[in-house]
Amino acid sequence: MKICYTVDEVRTAVKEWKRQGLSVGFVPTMGYLHEGHRSLMEAARKDNDKVVVSIFVNPMQFGPGEDLETYPRDLEKDSKLCEEVGVDIIFHPEPEEMYKAGFCTYVDMNGLTTELCGKTRPVHFRGVQTVVLKLFNIVTPDRAYFGQKDAQQLAVIKRMVTDLNVGTEIIGCPIIREADGLAKSSRNTYLSDEERRAALILSKSLKLGREAIEAGERDSKKVIDIISQNIATEPLAKIDYVDVVDFATITPVDKITGETLVAIAVYIGKTRLIDNFIVEV
Ligand code: AMP
């Protein structure tokens with residue numbers, strides 16, 4: 001396994017692989033890797049001849065007052081995990097390598113990014129789309145792997161790839177959870193013991209919402225109420241949003257039909273956690 005710090009190093013390696021007719025799988029991450037990331041890397045390993053993982057805490061997708069400076073980092077531990085899974089290249093650029101002086105070109109979207117996380121994080125998706133397209137242009141992967149944990153991001157990237165004719169297949173992978181149900185996240189490390197216990201309210205409340213839909217409930221408002229009321233029973237939790245949207249377009253729906261995303265963001269203390277499920281009705 002090689003760690004590349006520059007765009008040129010990655011391009012040179014990938015060019016040689018392509019010359020040999022090898023396929024390339026790509027997993028973009030911000031590092032501090034856990035089992036969720038591992039599942040994407042394993043899927044990439046299974047489907048492709050070569051695997052590239054990027055570890056880049058992308059300043060552009062953090063808004064003012066967000067956790068860019070405190071975001072956890074541990075390249076040594078991440079390298080071990082990547083090595084274990086059989087990753088070929090870790091791409092770990094400095095921000096200055098990705099954003100050269102004078103940088104002023106962005107990828108933006110009119111739909112999909114205004115709801116859910118887009119409401120509280122208005123510059124987030126522009127930063128995500130821009131960095132992901134840049135990474136795609138650098139790595140030129142055949143397939144790229146994204147977690148359903150960030151369901152809106154997955155929908156946005158799928159849309160971007162369709163709209164801009166990017167020749168990379170986007171593969172969505174299921175949410176990996178702790179044994180007690182909490183969705184794995186690099187940000188879980190911010191939680192105190194008490195907050196860690198309180199954070200279970202996310203997956204528990206979503207479960208109630210899912211059970212209601214499985215029992216035949218089709219009214220989004222009722223599902224939102226069931227979830228919100230349960231979250232409200234946890235004193236450390238503060239709701240950012242509880243929403244029901246069409247998964248492909250990320251637009252709110254009154255009635256649950258087709259592929260529907262039920263998504264929540266909840267502050268546990270100062271830490272903002274997200275979770276979701278997708279139902280096909
Ligand atoms: P991040 O490092 O948080 O930017 O995440 C990198 C990729 O890993 C994204 O595609 C995430 O959706 C995915 N990911 C993060 N947590 C999980 C999880 N618990 N299960 C599945 N995928 C995840």
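**Notebook: the ligand and the protein around it**

I began with the shell around the ligand, and I sorted its residues into eight nonpolar, six polar and three charged. I keep in mind throughout that this is a predicted model.

Next I looked up which residues come nearest to the ligand, and of the 17 residues around it these are Met30, His37, Asp150, Ile176 and Lys184.

I then turned to the polar atoms. For Asp150, I noted that an N or O atom of the side chain is 2.6 Å from an oxygen atom of the ligand. For His37, an N or O atom of the side chain is 2.9 Å from a ligand oxygen atom, while at Gly147 it is a polar backbone atom that is 2.9 Å from an oxygen atom of the ligand. I also checked how covered the ligand is: taken alone it exposes 490 Å², and the protein buries 93% of that.

Which elements give two or more residues to this shell? I found strand S2 (24–29), helix H2 (35–47) and strand S5 (143–147), and I noted that H2 provides the largest share, with three residues.

Finally I stepped back to the whole protein, in which I counted 10 helices and nine strands. Its radius of gyration is 19 Å, close to the 19 Å that the globule rule gives for 281 residues, so I wrote down that it is as compact as a globular protein of that length. The C-alpha trace spans about 55 × 40 × 40 Å along its principal axes, and 54% of the 281 residues count as buried. Looking at contacts between residues at least 6 apart in sequence, I saw that 73% join residues at least 24 apart.

How values were computed: Residues are numbered from 1 along each chain as its sequence is written. This is a predicted model: local features need pLDDT of at least 70, side-chain atom pairs count only at pLDDT 80 or more; totals for chains, interfaces and linings use all residues. Side-chain values use heavy atoms; hydrogens and water are left out. A residue is near a molecule or strand if one of its heavy atoms lies within 4 Å of it. A polar contact is a pair of N or O atoms within 3.5 Å; within protein, one must be able to donate a hydrogen and the other to accept it, and residues adjacent in sequence count only if both atoms are side-chain atoms. Accessible areas come from the Shrake-Rupley method with a 1.4 Å probe; for residues, only the protein chains shown count as cover. Helices (H or I, at least four residues) and strands (E, at least two) are DSSP runs, numbered from the N terminus. Ala, Val, Leu, Ile, Met, Phe, Trp, Tyr, Cys and Pro count as nonpolar, Asp, Glu, Lys and Arg as charged, and the others, Gly among them, as polar. The radius of gyration is taken over C-alpha atoms; the globule rule is 2.2 Å times the number of residues to the power 0.38. Buried means under 20% relative accessible area, exposed over 50%, partly exposed in between (1.4 Å probe, protein chains only). Contact means heavy atoms within 4.5 Å.
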